[in-house]
Amino acid sequence: MRVLERYEQELGAKNVVLERALLGMDKIRLKDKIDPQNISKVIKRVSTGIPGFDELVEGGIPEGFVVVITGPPGTGKTTFSMQFLLEGMKNNEKCIFFSFEEKVEQLIKQSIRYGWDVGDYLDKGYLEIFGFTMLSLEEITEIIEVFKPKRIVFDSLNLFSSHEKFRHSSEWRNILKIIKEKKIICFTITEKKHGIEINEFDDFDFMGDGIFFFDKKLKQELDQYKTYFVEIQKMRLTEINEMPHQFFFSKSGLRLRNASNLAKRLANSP
Ligand SMILES: Nc1ncnc2c1ncn2[C@@H]1O[C@H](COP(=O)(O)OP(=O)(O)O)[C@@H](O)[C@H]1O
Ligand SMILES: [Mg+2]
């Protein structure tokens, strides 16, 4: 009681004293909220479905993230993104593939080559593919709001919008807002005219919560085949190592090289 009286003398009316006390409590609560141990519980991550990849990003992609899948042509971007949707469909999540590049038939044919039963998911209503589309941003927004997907792919943004137009587009910002609010995970594929050795970024890169750069190279001069690799260049809320990670096209889709070794190594690390 004495304490309260002393504060009353210093601060004036009783309600001011109480208000200060409550503010103090709020601060304590806020501290609780930003406790790093709590944060790992709050961030929900989803699996990419690419064997060996989740381990590189603390177990998966945080919900509400937009990840830029970028690199030169023929480096595995479309395959990686379709495989990411497939993982969602397996878990009964609704998925949309907006393709501005390939026809629906071609995408399906490519998927069947890997034994992915996308036809079945299309029939059951877990997948929508919009191929060769000339949709406006308003129409895309409506489709997302009606279909309520958990995962979305845009392939590729370059064909759909110029950097400049995209940067100033309020409709696009609205789509990004919906993605955050509805905790959707969105892969936006973009094309680069250069390989990974050139450190150049475009407006699309700045938008992403994450950037995965895909490329292929001869590892040694005398190699007959190029080696595919992916580098995680940015991933908010996630510890990453910016090393190129090798992958290959297996019979059932993309796989990181040494995927199982990598998992074991990370599991054993302190
Ligand atoms: N087993 C395979 N099946 C399909 N494509 C393969 C295979 N191995 C290598 N590729 C190459 O991968 C590329 C297709 O990958 P894709 O995901 O369409 O690339 P991007 O979207 O980056 O252009 C093609 O250039 C193809 O030659
Ligand atoms: Mg492609």
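**Briefing: sheet, helix packing and ligand shell**

Strands β10 and β11 pair in the antiparallel sense, and four bridges link them. The model is a predicted one. β10 and β11 belong to an open sheet of nine strands with mixed pairing.

- A hairpin of two residues connects β10 to β11.
- S250 has G253, in β11, as its bridge partner.
- β10 (residues 244–250) also pairs with β9 (residues 227–235), in the antiparallel sense and over four bridges.
- Across that pairing, P244 in β10 stands opposite E231.

**The sheet as a whole**

- The strand order is β5-β4-β6-β7-β3-β8-β9-β10-β11.
- β5 (127–131) and β11 (253–256) are the edge strands, each pairing on one side only.
- From one strand to the next, the twist averages 20°.

**Helices on the sheet**

- Helix α4 packs on the sheet and touches β3 (66–71), β4 (95–99), β5, β6 (151–155), β7 (185–191), β8 (210–217) and β11.
- The direction of α4 makes about 160° with that of β6.
- Helix α5 (residues 104–113) packs on the sheet as well, touching β4 and β5.
- Between the directions of α5 and β5 the angle is about 130°.

**The pair α7 and α10**

- Helix α7 (residues 137–147) and helix α10 (residues 170–181) have axes that come within 9 Å and cross at roughly 15°.
- Angles under 35 degrees count as roughly parallel, and α7 and α10 are therefore roughly parallel to each other.
- The crossing in which α7 passes α10 is left-handed.
- On the α7 side the contact is made by L137, E138, I140, T141, I144 and E145.
- On the α10 side the contact residues are E171, W172, N174, I175 and I178.
- By class, the residues of this contact are six nonpolar, two polar and three charged.

**Around ligand 1**

- The shell around ligand 1 consists of P73, G74, T75, G76, K77, T78, T79, F214 and F249.
- Three of the shell residues come from helix α4 (residues 77–90), which gives the most to the shell.
- The shell divides into three nonpolar, five polar and one charged residues.

Conventions. Residues numbered from 1 in each chain as written. Chains lettered and ligands numbered in written order. Predicted model: local features only at pLDDT ≥ 70, side-chain atom pairs only at ≥ 80, totals over all residues. Axes fitted to C-alpha atoms, helices over the stretch in contact; angles between N-to-C directions. Parallel < 35°, antiparallel > 145°, perpendicular 65-115°, else oblique. Left-handed = near helix turned anticlockwise from the far one by under 90°. Contact = placed C-beta atoms within 7 Å. Nonpolar A, V, L, I, M, F, W, Y, C, P; charged D, E, K, R; others polar. Near = placed C-beta within 6 Å. Pairing = 2+ DSSP bridges.
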